[in-house]
Amino acid sequence: MARRKKEPQSVHRKAIALVAQELFLQKGIEHTSMDDIAKSSGYSKATLYVYFTSKDILVSYLVLQSMQILYDFTQKSLQDNGTYKERFFGICNSLYEYKKLYPLYFSLVLKTIRFDEHCDNFLPEEKETFEVGEKINAMIYKFIESGIKEGEFRSDLKIMPSILSMWAMISGLIELASNKEEYLQTIIKVDKNEFLQNGFALLYESIKAK
């Protein structure tokens with residue numbers, strides 16, 4: 001324990017969160033207790049509560065981590081100097097890659113992000129998660145706004161509602177492809193990637209200027 005005390009708090013929080021992430025994937029968040037996390041992480045329950053005073057706070061920490069990684073994925077996809085279509089597909093495929101690499105995080109970012117600027121009882125992680133989400137939306141907003149100005153995207157698009165619809169449709173396609181992979185292969189005769197690329201193309205056509 002002496003070695004642990006010399007390490008910064010962030011090291012312990014990351015170590016605990018990594019174990020919790022694996023347990024949540026195996027058992028689900030609702031069926032994983034703080035006792036389970038303490039046992040698997042090698043921390044006593046009392047020590048565990050020093051770093052995370054509740055499971056809700058631990059989940060909020062993971063949601064923030066997931067949003068920060070999603071920000072990095074989105075930023076990278078939009079930094080490329082390709083066409084608007086290539087960058088749009090970059091956003092779609094980066095979310096698909098994100099789902100493959102971080103399945104728990106993918107599910108967490110789709111859940112409700114609790115925040116009210118007029119309320120003081122929100123966790124710091126919840127507020128920061130909201131702020132990171134807004135930064136992601138701002139990047140997409142700038143991308144769509146630029147596309148409208150250059151005549152690539154429809155001029156009648158309401159940008160913010162369109163952004164939320166895009167996230168919903170892209171993530172929905174990815175979830176469907178993951179859950180129905182066998183059906184796609186045996187009945188429809190397409191693999192998951194082909195199905196997704198076709199879906200992403202349909203989405204692009206829906207916002208493209210005619």
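The legends below describe close-up views of a predicted model. Local features in this predicted model need pLDDT of at least 70 and side-chain atom pairs count only at pLDDT 80 or more, whereas totals for chains, interfaces and linings use all residues. Residues are numbered from 1 along each chain as its sequence is written, and side-chain values use heavy atoms, with hydrogens and water left out.

View A. Helix 11, residues 192-207, has 16 residues and spans 23 Å between its first and last C-alpha, close to the expected 22 Å (1.5 Å times one less than the number of residues); helices are DSSP runs of H or I with at least four residues, numbered from the N terminus. Asp 191 caps the N-terminal end of the helix, with a side-chain oxygen 3.3 Å from the backbone nitrogen of Asn 193.

**View C. Gln 21 in helix 2.** Gln 21 belongs to helix 2, residues 9-27, and counts as buried because its relative accessibility is 12%. Leaving out residues up to four places away in sequence, Gln 21 touches Leu 62, Leu 104 and Tyr 105.

**View D. The surroundings of Ile 37.** Apart from neighbours within four places in sequence, Ile 37 is in contact with residues including Ile 16, Val 19, Leu 48 and Leu 58.

Definitions and conventions: Helices (H or I, at least four residues) and strands (E, at least two) are DSSP runs, numbered from the N terminus. A polar contact is a pair of N or O atoms within 3.5 Å; within protein, one must be able to donate a hydrogen and the other to accept it, and residues adjacent in sequence count only if both atoms are side-chain atoms. Buried means under 20% relative accessible area, exposed over 50%, partly exposed in between (1.4 Å probe, protein chains only). Contact means heavy atoms within 4.5 Å.
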